[in-house]
Amino acid sequence: MRVDILSKEYPPAIYGGAGVHVAELVRALRGRGDMTVQVHCFGAARDEPDTTGHPDLPELASANAAVQTMGVDLAMVAGTEGADIVHSHTWYANFAGHVASSLLGGMPHIITAHSLEPMRPWKAEQLGGGYRLSSWIEKTAYEAAAAVVAVSEGMRKDVLKSYPSIDPDKVKVVHNGIDSAIWARRPGPDTVRGHGVDPDKPSVIFVGRITRQKGLPYLLRACRELPPEVQVVLLAGAPDTPEIKAEVEALMSDLRTTRDGVVWVPEMLPRAQVTAMLTAATAFVCPSVYEPLGIVNLEAMACELPVVATATGGIPEVVVDGETGWLVPIEQVQDGTGTPVDPDRFVADLAAALNEAVSDPDRARSFGLAGRRRAVDSFSWASIGDRTLEVYRSVLGA
């Protein structure tokens, strides 16, 4: 069997959970030794065997970002000839998978749903009219796909809600995973101090992109209520728009007027530095208003951190309230934005959970150890590779 994986992100160019998923899934599938996995990704040429980078087309340099994406997708299509299955990740690559399936003999197109355009209307800020184009691409590809892999039960519900014409039997759940050998507790006090954080003082840490779905403005408001000795550490980069970046900068500046120990690392750090920063923290926080699963929560759990996270999307399938962390309740506006019905209440509940996490170090440590066990036992990439292969075989009738 030959499977061609289509993705915008692939090492070394990874900036989000979808890219992590693709990299680890490819490694797990190739490690089986009984199939060929070719990768087509955006960007420069890769040295990795069976991996092809596809740069932006210079002819489209001045076009809308969504049109540029379509150009790269079309360039990918020819390379998929001969594949038994094409498997695309995110709307950025869905167009390539759909065209390849339609053009090259109808090989099955499988989509992994990491996020959904109808659930992210704020993307219009980033893409302008291109958001309508990305939404059309996603809808067309999903409705024609041989199967859709949802990374959580919550995501499966969102897929069927967003695209009700899809046969529910075509939507399978295969969770995201974690490499617990790579993501593990590894002290690095010099690295931590080098980023302006005191490893000997308590801290809460956020890791993620600066995008509406991650809920960073709510977190910065909640952190006003933390004890003064608790540091606030944000490994937050890749802002979607100048507007969200400016909002976060303003809230950060305001928070710094009331407390010390507010640290913002805007660049994407190497994994070893991220694990050192996680290891030094007291608790991890994921204030997302939209999160299909949240690989960052698994990464934190694998590093033995308790997690404070919003009870939305697939997060409750990962974080067990009262066992591996705290789930913060949220009632959300049903317009696709994920906006809390009562933002002040959500901020207050988030602040209360954070204060619980930092007030009892022994309990936090116990939750962290339980989180590590859960990550290792339930979310290994080997098992996720096996379940993905089952989806491949089901669409091929094998």
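Guide: A crossing is called left-handed if the near helix is turned anticlockwise from the far one by less than a right angle, and right-handed if clockwise. In this sense, α11 passes α13 in a left-handed crossing. The contact (heavy atoms within 4.5 Å) involves Leu-298, Met-301 and Ala-302 on the α11 side, and Gly-368, Gly-371, Arg-372, Arg-374 and Ala-375 on the α13 side. By class, these are four nonpolar, two polar and two charged residues, with Gly counted as polar and Arg as charged. Helix α11 spans residues 295–302 and helix α13 residues 361–378; their axes come within 7 Å and cross at roughly 115°. Axes are lines fitted to C-alpha atoms, for helices over the stretch in contact, with angles from 0 to 180 degrees between N-to-C directions. Helices (H or I, at least four residues) and strands (E, at least two) are DSSP runs, numbered from the N terminus.

The model is predicted, with local features requiring pLDDT of at least 70 and side-chain atom pairs pLDDT 80 or more, whereas totals for chains, interfaces and linings use all residues. Numbering starts from 1 along each chain as its sequence is written, and side-chain values use heavy atoms, leaving out hydrogens and water.

Elsewhere, seven strands form an open sheet in the order β3-β2-β1-β4-β5-β6-β7, with parallel pairing (at least two DSSP bridges between two strands). Its edges are β3 (51–54) and β7 (171–173), each pairing on one side only. Neighbouring strands are turned by 20° against each other on average, direction ignored. Within the sheet, β5 (residues 109–113) and β6 (residues 147–150) run parallel and are joined by four bridges; Ile-111 has Val-148 of β6 as its bridge partner. Helix α3 (residues 91–103) lies across β1, β2, β4 and β5, at about 160° to β4.

The loop between β5 and α4 (123–127) holds Glu-117. Because its relative accessibility is 0%, Glu-117 counts as buried, the limit being under 20% relative accessible area with a 1.4 Å probe and protein chains only. Beyond residues up to four places away in sequence, Glu-117 touches Trp-91, Tyr-131, Ser-134, Ser-135 and Glu-138.

Definitions and conventions. Buried means under 20% relative accessible area, exposed over 50%, partly exposed in between (1.4 Å probe, protein chains only).
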